[in-house]
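This briefing summarises the architecture and selected local features of one protein chain. The sequence and the model are shown first, and the points that follow are grouped by topic.

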Amino acid sequence: MNWSSPTSVCSSFSSLSWRSSSISSVELGFQFNNSTGFSVSSSHSRKFSRSRKFHVSCSSSSPSSDPLLVKAARGEPVNRPPAWMMRQAGRYMAVYRKLAEKYPSFRERSETTDLIVEISLQPWEAFHPDGVIIFSDILTPLPAFGVPFDIEEVRGPVIQTPIRSEEGLNALHPIELEKLHFVGDSLRILRREVDGRAAVLGFVGAPWTIATYIVEGGTTRTYTTIKSMCHTAPNVLRTLLTHLTQAIADYIVYQVESGAHCIQIFDSWGGQLPPNMWDCWSKPYIEEIVRKVRNKCPETPLVLYINGNGGLLERMKGTGVDVIGLDWTVDMADGRKHLGSGISVQGNVDPAYLFSPLPALTDEIQRVVACAGPRGHILNLGHGVLVGTPEEAVAHFFNVARSLNFEAPFQNHVAGEPELVV
C-alpha cells in the first residue's frame with residue numbers, strides 16, 4: 001500500500017469529485033414489495049442442490065479469479081471498495097421473519113443445511129453484496145468439543161454447566177468436525193451458488209469471547225466471574241483458552257476447506273478487557289490461531305473485529321491478521337493513522353445511519369471511503385445491522401458502494417489524491 005497521511009484523505013473529502021447518478025433497484029436485479037420486502041427478480045432466481053461435490057484446498061490460490069473482497073483484504077488494487085454487512089442476514093429482512101415464523105428455533109435455522117443456505121442467500125439475492133457470510137453463530141461449534149448449550153427466548157444462550165474448575169475441564173475434548181457437517185455442506189453450496197461473483201465468508205468467535213459464555217453460563221453485562229478467574233483460577237482459564245484455541249483453529253481450516261474465501265474472527269467481548277488484560281488473556285490465543293491457520297491456509301485472509309476496539313487497534317494489528325474491523329466509534333482517519341498502511345481495514349459506517357435520510361447515508365459512505373483511502377478497505381458497518389433497519393436503506397448502501405470508482409491508477413495513488421465517482 002502506498003499513500004500519505006490518512007488525515008489528508010478526510011480533509012480532502014470536501015474537494016473530492018463525486019458525480020451523481022440515478023441507481024435503479026430493478027436494473028440491479030431486485031424489487032421491493034411493501035408486504036414482503038426485497039426479493040430477487042424472477043430472472044435471477046436460482047435453486048440449490050447438494051448433488052455436486054465441492055472441496056477447496058487451503059494451499060491452493062488463484063489470485064486472478066479471487067473475488068473483489070479477497071483482493072481488498074490482501075491490499076491488492078481494486079476499482080472500488082467491496083461491501084458487505086455484519087448481520088446482513090437476519091431479522092430486518094421480511095423474508096427472514098417469515099421463515100422464522102415457520103421455523104421458530106434459532107438452533108434449527110442455524111444448524112439445518114437447507115435453512116442455512118436459504119437464509120445466507122436472502123441478502124445476496126436482494127442486494128448483491130460483495131461478501132456472502134454463512135448464517136451461523138459463534139457458539140455453534142461448542143457441542144462439537146463438549147460444551148452443550150441452549151438458546152432461551154428471553155435469556156439468550158444458556159450453558160447449564162459452566163466451566164470454572166479443573167473438574168469442569170474434563171468435559172472438553174478435541175473438536176469433532178463431523179458434528180458440524182451442516183456448516184461444511186452449507187459453505188460448499190454457497191460457494192457454488194455465488195459462483196465467484198462474491199466472496200463466501202466464514203466466521204468464528206475468539207477464545208476469550210467464547211470463554212465468557214462458557215464460564216459465565218451465558219450472556220453477561222459485567223464479566224465478573226471470568227475476570228475474577230484471571231486471578232483466582234488462572235491455570236483453569238488458561239487451559240480452557242488453550243483448548244478453545246486449537247478447536248477454533250481447526251474449525252477455521254474446516255470452513256476454508258469447505259469453501260470459505262475469508263474468515264472473520266469476532267472477539268466481540270475483548271473490548272471489555274483493559275488493554276493490558278487483553279494482552280494477557282486474548283491476544284496470545286488469537287496469535288496462535290493465526291499461526292496455526294497460516295500454516296495450513298496461507299492465502300486465506302483473516303479479519304479481526306472487536307466491539308469497542310478504539311484502545312486496542314495497535315494491539316490487534318500485532319496478532320498478524322490481514323484486516324482490522326473498526327467499530328463505528330473509531331474515526332476511520334484515526335484508525336488509518338494508528339494502524340498504518342501495511343494492513344487492510346474494514347468498516348465502519350454507524351449502523352444508525354441506515355435509519356437516516358438516504359442522502360445523509362450517501363454522504364457518510366463517501367466520507368468513510370475517502371478516509372480509508374483507495375486500497376486495502378472493505379466497506380462495512382461498524383457493527384451489525386440493527387433490528388428494524390429499513391431494507392431500502394440497506395439496498396441504498398450497496399447501490400452507493402457499487403457506484404464508487406477509483407479513477408486514478410492505484411500503483412501511484414496517495415491518500416490526498418483519490419478521485420471517486422458516484
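Residues 24 or more positions apart supply 74% of the contacts in the chain that have a separation of 6 or more. The model under discussion is predicted. It comprises 422 residues, 55% of which count as buried, and its secondary structure consists of 16 helices and eleven strands. The accessible surface amounts to about 17100 Å², and carbon and sulfur atoms make up 49% of that area.

**Nonpolar core**

- The largest nonpolar core holds 131 residues, and the members that touch the most others are Ile214 and Phe397. Helix H10 (residues 234-258) gives this core its largest share, with 13 residues.
- In soluble globular proteins, nonpolar side chains tend to be buried together.
- Apart from residues up to four places away in sequence, Ile214 touches Leu142, Phe145, Val147, Ile159, Pro162, Ile163, Leu240 and Leu244.

- Helix H9 spans residues 224-232, and Ile226, Met229 and Cys230 are buried within it. Viewed down the axis of H9, these buried residues fall within an arc of 110°, so they line one face of the helix.
- The exposed residues His231 and Thr232 are carried on the face of H9 that is turned away from its buried side.
- Thr245 belongs to helix H10. Thr245 has a relative accessible area of 4%, under the 20% limit, and therefore counts as buried.
- The contacts of Thr245, with neighbours within four places in sequence left aside, are Pro207, Tyr285, Glu288 and Ile289.

- Strand S6 (residues 199-205) is mostly covered, with seven of its seven residues buried.
- Ala199, Leu201, Phe203 and Gly205 point one way from S6, while Val200, Gly202 and Val204 point the other way; all are buried. In a regular strand the side chains alternate between the two faces of the sheet.
- S6 pairs with strand S3 (residues 131-133) in the parallel sense, over three bridges. In this pairing, Val132 has Val200 of S6 as its bridge partner.
- S6 also runs parallel to strand S7 (residues 262-266), to which five bridges join it. Here the bridge partner of Phe203 is Gln264 in S7.

**Annotated segments**

- An unreviewed UniProt entry carries the annotation "domain: Uroporphyrinogen decarboxylase (URO-D)", which covers residues 82-91 and 201-217.
- For residues 82-91, the end C-alpha atoms lie 23 Å apart, and the span is 0% helix and 0% strand.
- For residues 201-217, the end C-alpha atoms lie 28 Å apart, and the span is 59% helix and 29% strand.

**Backbone geometry**

- Most residues other than glycine have a negative phi, and most peptide bonds are trans.
- Arg87 is a residue other than glycine with a positive phi, near 60°. Arg87 is located in the loop between helix H2 (68-73) and helix H3 (94-102). Its relative accessibility is 53%, over the 50% limit, so Arg87 counts as exposed.
- Asp195 likewise is not a glycine, yet has a positive phi of about 55°. Asp195 is found in the loop between helix H7 (181-194) and S6. With a relative accessible area of 58%, Asp195 is exposed.
- The peptide bond joining Gly347 and Asn348 is cis, with omega about -10°. Asn348 is found in strand S10 (residues 344-349).

**Segment after helix H16**

- Asn405 lies in the segment that follows helix H16 (391-403).
- Asn405 counts as partly exposed, at 32% relative accessibility, because this class takes in values between the 20% and 50% limits.
- Asn405 and Pro374 are 31 residues apart along the chain, and their C-alpha atoms are separated by 9.2 Å.

Methods:
Residues are numbered from 1 along each chain as its sequence is written. This is a predicted model: local features need pLDDT of at least 70, side-chain atom pairs count only at pLDDT 80 or more; totals for chains, interfaces and linings use all residues. Side-chain values use heavy atoms; hydrogens and water are left out. Helices (H or I, at least four residues) and strands (E, at least two) are DSSP runs, numbered from the N terminus. Buried means under 20% relative accessible area, exposed over 50%, partly exposed in between (1.4 Å probe, protein chains only). Contact means heavy atoms within 4.5 Å. Accessible areas come from the Shrake-Rupley method with a 1.4 Å probe; for residues, only the protein chains shown count as cover. A nonpolar core is a set of buried Ala, Val, Leu, Ile, Met, Phe, Trp, Tyr and Cys residues joined through side-chain atoms within 4.5 Å. The arc is that of the directions from the helix axis to the C-beta atoms. Two strands pair if DSSP finds at least two bridges between them. UniProt positions are given in the numbering used here, feature names are shortened, and annotations may be inferred rather than shown by experiment.
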